[in-house]
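User: I would like to learn how to read the features of a protein model. Please take them one at a time, with the general idea before the case.

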Amino acid sequence: MIGDAGWSPGAAGLGGRVAVVAGATRGIGLAVTYALAGQGVSVVVNGRDESALEETVAEIRGGGGQAVGVRGSAGDDGVAQKMVDVALAEFGALDIAINCAGIAEPPGSTVLTIAPDEFRAQVDAHLMSAFHLLQAAGRVFVEQGSGAIVLTGSAASLGMFGGSGYPAAKGGVNALALAAAADLADHHVRVNVVMPGAKSRLSTGDDYIAHIEGLHRRGILDDLTRDAALDPAPPEYVAPLYVFLASDAAEHITGNIFSAAGGFIGRFEAQQASFVAYRDHKDTSPYSLEELAELLG
């Protein structure tokens, strides 16, 4: 419910701010939306289901908050821009943009079985929604010289949960966020990623359980990760991290990728190549296959 994110209203210094949240009517997005509203943030709520959208807006207004809804998939052209336009028209400002939009990959899908249209649907739902929201909100934030953007990644991008379209799209979210954070830093616009683990429609049901158990049998998931994946904490446990990253308390944090699940919070170190070998190309030949086998084998 509204305000259940662990802070009292106003404690995060967010009162009077305006946010757009894509994928805001279920699961993690819903928990984040209620947490923002509980801090006094006016929210433009987005989702594809009209009844869920109306229910979310009504819940926020019933709790004394301010909210309006924009129906549609944030992965489709124009939807994210409409969210931004509505925020400016209804509330006169925009300070925060959060993307929680996403869909599940087809049950049992692998790189060998997923159809091209299914793969594109994953990219649209996860990566294109992040791009559209980042671009639409980013233009406003650059003009005003401030703003916070939080995108949703996934541990699936590390290859540990199988699939193809879902992890590929989530990996793209990470790369997009890092590049955008560097691009927008001079404009005081922050971009971060949360890789959440929480109970949602994507992490429940017979198909999901079968998928996790299958990964465990194949040795892709260890016992600890399997158990955690089968018993995730409610989304209210990860919502505070999104709210924190949107607040002034995180004003110096940008270009970071976080992991959060239940009581666990992690931060990924910047990727760097470990040293293998070097020689100056100006006075040496390319490595031979034999040399590479010795270096890398």
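User: How many salt bridges does a search of the whole structure find?

Analyst: Side chains of opposite charge can pair when their charged atoms come close. The criterion here is a side-chain nitrogen of Lys or Arg within 4 Å of a carboxyl oxygen of Asp or Glu. Searching the whole structure gives five salt bridges. Before going on: this is a predicted model, in which local features need pLDDT of at least 70 and side-chain atom pairs count only at pLDDT 80 or more, while totals for chains, interfaces and linings use all residues. Residues are numbered from 1 along each chain as its sequence is written, and side-chain values use heavy atoms, with hydrogens and water left out.

User: Which residue forms a salt bridge with Asp49, and which parts does the pair tie together?

Analyst: The partner is Arg26, and the closest N and O atoms are 3.6 Å apart. For the elements, helices (H or I, at least four residues) and strands (E, at least two) are DSSP runs, numbered from the N terminus. Asp49 sits in the loop between E2 and H2 and Arg26 in the loop between E1 and H1, so the pair ties together parts that are 23 residues apart in sequence. For accessibility, buried means under 20% relative accessible area, exposed over 50%, and partly exposed in between (1.4 Å probe, protein chains only). Asp49 counts as partly exposed at 27%, and Arg26 is partly exposed at 38%.

User: How are Arg120 and Asp117 placed in helix H4, and are they buried or exposed?

Analyst: They are three residues apart in H4, which means a separation of about one helical turn. Arg120 forms a salt bridge with Asp117, with the closest N and O atoms 2.9 Å apart. Arg120 is exposed, and so is Asp117.

User: Where are Arg279 and Glu291 in the chain?

Analyst: Their side chains meet in a salt bridge (3.0 Å, N to O). Arg279 is in the loop between E8 and helix H9 (289-296) and Glu291 is in helix H9, so the pair, 12 residues apart, links distant parts of the chain. Arg279 is partly exposed, with a relative accessible area of 26%, and Glu291 is partly exposed at 29%.

User: In what order do the strands form the sheet?

Analyst: Two strands pair if DSSP finds at least two bridges between them. Here eight strands form an open sheet in the order E3-E2-E1-E4-E5-E6-E7-E8, with mixed pairing. Strand E3 (67-71) and strand E8 (264-267) are the edge strands, each pairing on one side only. From one strand to the next, the twist averages 20°.

User: How many bridges join E5 to E6, and which residue is the bridge partner of Leu151 in E6?

Analyst: Six bridges join E5 to E6, and these strands run parallel. The partner of Leu151 is Val193. Between the two strands the chain crosses through H5, and this β-α-β crossover is right-handed: with the strands pointing away from the viewer, the path from the first strand over the helix to the second runs clockwise. E6 and E7 are also parallel, joined by five bridges, with Pro196 paired to Ala260 in E7. E7 and E8 run antiparallel and share four bridges; there the partner of Ala261 is Phe264 in E8.

User: At what angle does H5 run to E6?

Analyst: Axes are lines fitted to C-alpha atoms, for helices over the stretch in contact, and angles run from 0 to 180 degrees between N-to-C directions. H5 lies across E5, E6 and E7, at about 160° to E6. Helix H4 (residues 116-144) lies across E1, E4, E5 and E6, at about 175° to E4.

User: Why is helix H8 described as largely enclosed by the rest of the structure?

Analyst: Six of its eight residues (239-246) are buried, so H8 is largely enclosed. The buried ones are Ala239, Leu241, Tyr242, Val243, Leu245 and Ala246. They pack against H1, E4, E5, E6 and E7. Contact means heavy atoms within 4.5 Å. Setting aside neighbours within four places in sequence, Tyr242 contacts residues including Val32, Ile98, Val150 and Val194.

User: How many residues are in the largest nonpolar core?

Analyst: A nonpolar core is a set of buried Ala, Val, Leu, Ile, Met, Phe, Trp, Tyr and Cys residues joined through side-chain atoms within 4.5 Å. The largest has 36 residues, and Val32, Tyr242 and Leu245 are among those with the most contacts inside it. H1 gives the most to this core, with eight residues.
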